[in-house]
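Here is a short note for a colleague who is new to reading protein structures. Please look at the sequence and the structure first, then go through the points in order.

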Amino acid sequence: MTKATAPRRARSADAKDERRKSLIDAARAALEGGAFEEVKMEAVAQAAGLAKGTAYLYFATKEELFLAVLTRELEAWFAAVHRGLARKSANPRTQVPGLIARTLNARPVMRGLLSRLHGELEARSSEAAIRAFKHFLRDGLGQLGTGIDRVVGWPPGEGARWIMRAHALTIGFSQMADPTPKVRAIVETDPSLSHFQIDFTRELALALAAMLEGGIKTKG
């Protein structure tokens with residue numbers, strides 16, 4: 001009897017994983033086509049071929065769903081940064097900040113979600129989802145830190161602290177570089193507010209380079 005029921009349980013687990021993946025795919029696609037505030041769970045569920053009530057069986061809130069989207073985006077970003085760190089460079093002091101800034105700039109969906117991480121996504125997600133995300137983020141940033149230690153020549157642990165600060169800077173610069181349409185219109189039409197228009201890649205790379213240089217001098 002056990003052997004007969006095991007395949008059904010496996011198929012059920014596979015089906016659940018597929019539904020979860022479909023919801024994440026649909027949510028990301030919806031975010032590419034519109035603002036976060038405009039995305040509705042009902043529309044995401046419909047795009048995934050599911051009922052709205054079924055979607056809530058997998059994600060307690062819209063924010064929890066997008067926390068899962070952010071997790072997937074970060075997984076891809078971590079992989080891209082690791083590939084970049086594996087390439088030899090004559091000047092890691094510019095390689096590392098530039099790599100972080102460029103790869104982040106290439107991921108506007110991820111940056112947009114990062115800017116909402118603490119105020120919205122985590123605030124409106126379940127405790128289990130928050131805990132899982134925090135562990136994932138800790139491990140991912142820690143592994144990046146180890147790679148940075150190797151490239152820069154820092155003692156173990158310094159890269160992890162540096163990348164955590166870089167994470168905070170990324171959120172701040174993302175919020176400044178990607179304001180709401182109303183704020184963007186005000187800033188772009190008022191020359192006296194031009195300093196609020198920032199180049200995300202350039203400003204983040206400069207800030208990260210200064211922070212990295214300071215760390216090198218401190219450890220030198």
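1. Basis of the note. This is a predicted model, in which local features need pLDDT of at least 70 and side-chain atom pairs count only at pLDDT 80 or more, while totals for chains, interfaces and linings use all residues. Residues are numbered from 1 along each chain as its sequence is written, and side-chain values use heavy atoms, with hydrogens and water left out.

2. The chain. The chain holds eleven helices and zero strands. Helices (H or I, at least four residues) and strands (E, at least two) are DSSP runs, numbered from the N terminus. The C-alpha atoms fill a box of roughly 65 × 50 × 30 Å along the principal axes. Of the 220 residues, 40% count as buried; buried means under 20% relative accessible area, exposed over 50%, and partly exposed in between, with a 1.4 Å probe and protein chains only.

3. Contacts along the sequence. Contact means heavy atoms within 4.5 Å. Among contacts between residues at least 6 apart in sequence, 70% join residues at least 24 apart.

4. Domains. The chain is divided into domain 1 (7–58) and domain 2 (62–218); such bounds come from an automatic or database domain assignment. The centres of domain 1 and domain 2, taken over C-alpha atoms, are separated by 27 Å. Where they meet, 15 residues of domain 1 are in contact with 14 residues of domain 2.

5. Helix 5. Helix 5 covers residues 92–105, and its 14 residues should span 20 Å at 1.5 Å a residue; the end C-alpha atoms are 19 Å apart, which agrees. The expected span of a helix is 1.5 Å times one less than its number of residues. Why can helix 5 be called largely enclosed by the rest of the structure? Ten of its 14 residues are buried, so the description holds. Among them are Pro92, Gln95, Val96 and Leu99.

6. Gly84 and its neighbours. Gly84 sits in helix 4 (residues 62–86). Gly84 counts as buried because its relative accessibility is 4%. Leaving aside residues up to four places away in sequence, Gly84 touches Gln95 and Leu99, and both of these belong to the buried set of helix 5. Gly84 and Gln95 are eleven residues apart in sequence and 8.7 Å apart in space, C-alpha to C-alpha.

7. Helix 8. With 26 residues (127–152), helix 8 reaches 37 Å from its first C-alpha to its last, close to the 38 Å expected at 1.5 Å a residue. Its buried residues include Phe133, Phe136, Leu137, Gly140 and Leu141. Just after helix 8, Gly153 takes a positive phi of about 95°.

8. The largest pocket. On a 1 Å grid over the protein atoms alone, a pocket is an open set of points with protein on both sides within 12 Å along at least five of seven lines; a cavity is a set where a 1.4 Å probe fits but cannot get out; lining residues have an atom within 4 Å of a point. Grid points are joined across faces, edges and corners, and a volume is the space filled by probe spheres set on the points. The largest pocket has a volume of about 540 Å³. It is lined by 19 residues, and Gly112, Ser115, Arg116, Asp178 and Pro179 lie nearest its centre. Helix 6 (108–114) gives the most to this lining, with five residues. Domain 1 and domain 2 each supply at least three lining residues. By class, the lining has eight nonpolar, six polar and five charged residues. Ala, Val, Leu, Ile, Met, Phe, Trp, Tyr, Cys and Pro count as nonpolar, Asp, Glu, Lys and Arg as charged, and the others, Gly among them, as polar.

9. Ser174. Ser174 is part of helix 9. At 1% relative accessibility, Ser174 counts as buried. Not counting residues up to four places away in sequence, Ser174 touches Arg111, Ser115 and Phe200.
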